[in-house]
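Here is a short tour of one protein model, written for someone who likes cut-offs alongside the numbers. Please have a look at the structure first, and then read on.

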Amino acid sequence: MQEPPASGSPSQAEATRPIAAIYSWGRGDFGQLAQGSDRNVANPEPCNLHRDFNVIHASANLYNTAFITGDGELYTVGANESHQLGTKAGEIEPTPVRVEPLDSHSVKHVAVGESHMLAIVDDGQLASWGTNDQGQTGHEETSIAVSHPRLLRSTKDSHFVRVAAGSSHSLALNGSGQVYSFGAGNFGKLGHGDEGSKAGITRIERLFPTGITQVSCGENHSAALGLDGRLFTWGRNKYGQLGLGHLNNCLIPNHVCSLSTIAIAQVSCGGKHTAVLSRVDGAVWAWGQGTWGQTGHGSTDLASLPKPVEALARQRFEQVSAGQNHTLALSSSNQVWGWGNNEMGQVGRPDGPPCLLTPTLVQELPPHPVLFIVAGGDHSLVVMRHVPPGHAHPIGPQRQEVGQGLMPMAVPQLYSMAQQAAQPNAPRSQVQALIKAATGMFASPAFIVHAFRHASSSMTETDHGLDIDAINGVFTALLKVYSPELVQSLGQTCARMLDGVEASMQWPGCEQLIACHFDWMRVLFIMLINPVAGETHGTGGQIIQRLARILGHMDPSTRVHLARWLSELPPEILGARSLRPVQRWLSDVAHRQHSPDPQERDALMQGISLLSLIYNGNRLAGFKVPPSEFYNASVCEHVVLREEYMTWRRTKDDRKQAGRLVSICQTPFILTPAAKSHILQGEAFLQKQSHMQTSSIQALFQGVHPMMVSFLDIRVRREAVLDDALAQLMARQEDLKKPLRVTFISAGIDEEAQDEGGVTKEFFQILIRDLFNENFGMFTYRHQTRTFWFNMLAQGLESEFRLVGIVIGLAIYNGVILDVHFPLVVYKKLLHQPVTLADLKQADPEVGKSMQQILDFEGNTESLALTFDVEYDNFGMLETHELRPGGSSISVTNSNRAEYVDAYVRWYLQQSIDRQFNAFFEGFHQVCGGPALSLFRYEELELLVCGLPHYNFADLQKAAKYDGGYHEDHPTIKMFWNIIQHFTLEQKKRFLLFTTGSDRAPVGGLKDLVLVIQRGGGETNRLPTSHTCFNVMLLPDYSSESDMKSRLLTAIENAQGFGLQ
């Protein structure tokens, strides 16, 4: 992961300019001071280095020191009995030697263990050498010392950025914040939950969610610092070095909870103690063994909990470094402080006692800016820079590139990197660097959340605290690079990250590793608006599959929060980034539903559950994305709707199934209106069968033939259809759910027509024509909206209103489309949904507009002289209805006008027509009161009654069938469809009425209407005829297109129909 220098830092040229000096002091018997000798040194003295030895990083332990130069070369010094210097030098080397086996590589980071070393080279691969008796070099193929640096082949594409080494174990941190460990596992210092050693490099799974930016090793304990400033420790804890308040060893990483309110900027593990730097105030904290005073608390007692070093409380510090038994700290004022074991002069106070219990200034250092400090085993190092007089230079490694390896890694700025890589002439290296940075960041849940955190928002249970513009900006910038490799890598990384999230959620006590439960939600939320998920046939499908699976494990409260966050998204992001990719993926899964593999069914239901989450977010937002976008025709086509319905009915009231998604009927938003209509018709068929069976059994016991009682037989006189229908339907209410069969009587004689559907259609048309005739007084017609409304003055007609409800219910029940038009609020009320001002605006635009004007009035509402009542004309008499008790004397004011409008809406849409609508409601639900009705939205219920008002005659042509010698390519058929194609809309509607008995399309559109065109002979003088009960048209074989058009228009213009207006 790239680490851009902090703002205000020197340039690369300046950063690699020759260093003024490296000073060292303390133990030197193995030459570890790099001063060319093997003596101890009590005062800081310059190291024996050539003039242009521009060190940018250093590491030290008991017997060795290592340096990295700005040219990427590695130099080592000290003991070499285990080949830890990586060269052919003798057993002791007091002068730094270049590690020649790594000359072909650029060394980025190094860590020195007790007798082994680790280095990061090139783009993040690990090299290691030295003692390997516990597997601490990571070379699994050998248990003996590794004599020279060797690359770990398994780390070639791992992009490591930090390494740390203890006495016999090692840690490695990659650019995505993942920590790996290997070597001796005693005391649990590898963090894998046991004390087993590992020769191979192994990820510490418990740290996956955290996003680690720095690792450190003590002698037998380990520490990791999270991006959010939380500290985790594990391993040996005999002296309290883990800071957990007890002395028990820990086999897995544990959050140092006592530092929860203090964000940590840097961590350094000593032999048996630990020191950290706080992020906000730069304070030094320490804990662990105090035998030598190494914690700086003024005593030799151990400290099992972190404590601030009080003697340094008034200063700000830039870096802290813990050695075997001593500690160093660099202040912002360029002072180096030391405390702890001073037997070998490692604290830099030759005149001081063998152990310093409190911090003291290191003496004899020149007054140059200190770049960084290193506390080795029992020796110390300071790297300084000469600057011209009067010139300032940043102090410490936090503000410059030099010494950055001793501090936490920085998360890259993806947006700026993507903008640079998207430039027309951008070199491939920039794209590669972007891929590396992007995959590193998106591999870590913590890095993702941190990268998109809103600067001015706090992260709480109710506020995701994320910058949506930043998320959209970064994703857009990445896509504008137009790199398939980038998109592919990013998709694969996100999928693997989600695998890690899913695995982590199953751990007991995993909440220790996340700042709060809602961090998981934020990661999932960001993934839900990840445009890479749109590539559903590739890695995008893998992302959605994992999101669906993970959300299946989430508790309901989590889904509520996620839905609310989704509701805050702009509609273009919610629709394009969240909804449509999931829909495409669901369609792909649906095509595999014929597979016997139960996992395919599980995947489908998980995907629908994910879609349900998005739907709930959209619902909370007031449906900023049209509900119709949630229909999934592929799902509806590839599942067995009857089985879905039966499963739903069977488990609907089963408490054991509560909260489980077992049928798509539980998520009706995904069902197309046509699918819902099929389910409703299926329910009706089952109910008809049940009633027929019951009636048949009763008839047999009574000696009556079952066929005599199996149908709802209605016999009506042509001249009294309404009266006869009302009488018979009201008298046979227990038979309303039997199949309907109608017989017309003319002049006292039954008409011969057999009811195969066409007679029933005609029956409904006549009833609707008469019931909705304004002269009948039940309904009033609104010309502005072209809809009917209940006549509030129609008194004593409850039976007739009940009949209207029954008729509409019967039409739905028997699959007949009616030419009847209500405002949508009628269908809302049929589904028990509350009414609003918006409904009034749609039902009566003028009245609705006036109510809105009252709400929007900017002056004093009392000037309008309104009171809480309403006046209406009752056959020439002006009557008043109070909207609340005493309303006629209560003025409408600015403070109560909302109450007035609400009361008026309730009166207009409910109270004024209570008796009429309640009768209508009862009649409707008497027939259509089954569970399937609850699947419908009110807009869909209107389609069920009235059909679709728009037409796609291309669909009608595709679904058509032919008989009597006609076929798709027959010249007469081609002429026919050419004529239909050029018809006006009104002519097309009349054609539908002529052939089907209705000028509306079925709920599923004209593709669900199968028109049969049968050859009607060769006599071209004859008109086309139709059998509306079978949707069959008899079309003569006309000789010319003009003759056909003329005859066809004559037929459809003179067909009997029952329009309303």
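## Aromatic pairs

A search of the whole structure turns up 37 aromatic pairs, where rings of Phe, Tyr and Trp (its six-membered ring) pair if their centres lie within 6.5 Å. In one of them, the ring centres of Phe 779 and Phe 790 are 5.2 Å apart and the planes meet at 50°, so this pair is tilted; planes under 30 degrees apart count as stacked, over 60 as edge-to-face and the rest as tilted. The pair links distant parts of the chain, with Phe 779 in strand E32 (residues 779-782) and Phe 790 in strand E33 (residues 787-790), 11 residues apart. Strands (E, at least two residues) and helices (H or I, at least four) are DSSP runs, numbered from the N terminus. Both Phe 779 and Phe 790 are buried, on a scale where buried is under 20% relative accessible area, exposed is over 50% and partly exposed is in between (1.4 Å probe, protein chains only).

A word on the source: this is a predicted model, in which local features need pLDDT of at least 70 and side-chain atom pairs count only at pLDDT 80 or more, while totals for chains, interfaces and linings use all residues. Residues are numbered from 1 along each chain as its sequence is written, and side-chain values use heavy atoms, with hydrogens and water left out.

## Charges over rings

Residues 177-228 are 0% helix and 44% strand, with end C-alpha atoms 12 Å apart. For residues 282-333 the values are 0% helix, 44% strand and 12 Å.

The whole structure holds 5 cavities of 30 Å³ or more. The largest has about 580 Å³ of space, and among its 42 lining residues Ser 59, Ala 60, Ser 216, Cys 217 and Cys 269 are closest to the centre. Strands giving two or more residues to this lining include E3 (55-60), E15 (212-217) and E19 (264-269). On a 1 Å grid over the protein atoms alone, a cavity is a set of points where a 1.4 Å probe fits but cannot get out, a pocket is an open set with protein on both sides within 12 Å along at least five of seven lines, and lining residues have an atom within 4 Å of a point.

## The second largest pocket

About 1,100 Å³ of space lies in the second largest pocket. Of its 40 lining residues, Ser 609, Gly 659, Arg 660, Leu 661 and Gln 666 lie nearest the centre. Helix H11 (598-620) is one of the helices supplying at least two lining residues, and H11 gives the most, with 11.

## Positive phi

Asp 122 is not a glycine, yet its phi is positive at about 55°. Asp 122 belongs to the loop between strand E8 (116-121) and strand E9 (125-130), and counts as partly exposed because its relative accessibility is 30%.

Conventions. Points joined across faces, edges and corners; volume = space filled by probe spheres on them.
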